[in-house]
Amino acid sequence: MRGFAQTVIWQIALFLIFILLAGFTAKAQNQDSQIKEIRQEYTLIHQQLSVLDTVQKDLEGSSEGSSVTGFYKSGKLLAMKATYYGETGYITTEYYLENGNPFFILRQEHRYNRPMYYDKKAAQENNDPEAFDSQKTTVKEDRFYMHNQILIRWINSSSVQVAQSSSEYKDKAQELLTETASLQSQLDN
């Protein structure tokens with residue numbers, strides 16, 4: 001009887017493990033299909049940007065200036081692009097929206113090799129062999145995929161998927177929603 005009970009317990013345990021694994025697989029497949037849909041919608045909107053109506057507003061908070069541009073179709077906001085300039089580089093963030101909610105956000109951080117005012121004369125005066133050269137600008141890129149205001153995937157600047165269980169991931173989700181709402185209100189003013 002003892003052997004029979006152990007066998008039943010093992011069978012139940014294996015069944016439960018199977019159910020859990022099946023659930024994880026289904027969730028991953030569902031997320032992959034959501035990412036595919038997001039990429040399709042992003043591509044569709046991105047291809048239209050040049051023909052959409054635009055509204056541009058200056059923003060505060062950058063040493064060299066910043067702005068946000070809203071892209072509209074029939075009065076509906078489909079995308080926004082915020083750019084923040086600094087003396088050592090600039091950051092652009094593109095927000096793609098559905099019903100006012102972000103579904104894809106692309107952030108690119110452009111870093112200059114030297115500050116933009118650091119010309120050959122400044123380099124010589126500082127015994128520096130290198131002056132500002134726009135060709136030496138480096139770019140780091142983060143991609144954020146969202147569904148129903150929930151961050152479902154984050155590919156960081158090292159092209160690595162950030163773990164959803166990390167505190168950084170959870171904080172980033174709220175930060176992105178707050179940024180989006182703030183920029184939308186800037187465009188509405």
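Of the 189 residues in this protein, 35% are buried. Keep in mind that we're looking at a predicted model. The protein exposes about 12,300 Å², and carbon and sulfur atoms supply 52% of that. As for contacts with a separation of 6 or more, residues 24 or more positions apart account for 41% of them.

On to the fold. There are three helices and seven strands, and reading along the sequence gives you α-β-β-β-β-β-α-β-β-α. The seven strands make an open sheet, lined up as E1-E2-E3-E4-E5-E6-E7 with antiparallel pairing. E1 and E7 sit at the edges with a single partner strand each, so one side of each has no neighbour in the sheet. On average, neighbouring strands are turned by 15° against each other, direction ignored.

Here's where the strands run:

| Strand | Residues |
|---|---|
| E1 | residues 53-59 |
| E2 | residues 66-73 |
| E3 | residues 76-86 |
| E4 | residues 89-98 |
| E5 | residues 101-111 |
| E6 | residues 138-147 |
| E7 | residues 150-155 |

Now for the E7 end of the sheet. E6 and E7 pair in the antiparallel sense over five bridges, and arginine 143 stands opposite isoleucine 155 in E7. Helix H3, spanning residues 167-188, packs on the sheet and touches E1, E2, E3, E4, E5, E6 and E7. The direction of H3 makes about 105° with that of E7.

So what holds strands like these side by side? In general, strands of a sheet pair through backbone hydrogen bonds, either parallel or antiparallel. In this sheet, the pairing is antiparallel.

Note on methods. Residues numbered from 1 in each chain as written. Predicted model: local features only at pLDDT ≥ 70, side-chain atom pairs only at ≥ 80, totals over all residues. Heavy atoms only, no water. Pairing = 2+ DSSP bridges. Helix = DSSP H or I, 4+ residues; strand = E, 2+ residues; numbered from the N terminus. Axes fitted to C-alpha atoms, helices over the stretch in contact; angles between N-to-C directions. Contact = heavy atoms within 4.5 Å. Buried < 20%, exposed > 50% of the residue type's maximum accessible area, 1.4 Å probe, protein only. Areas by Shrake-Rupley, 256 points an atom, 1.4 Å probe, with all protein chains shown as cover.
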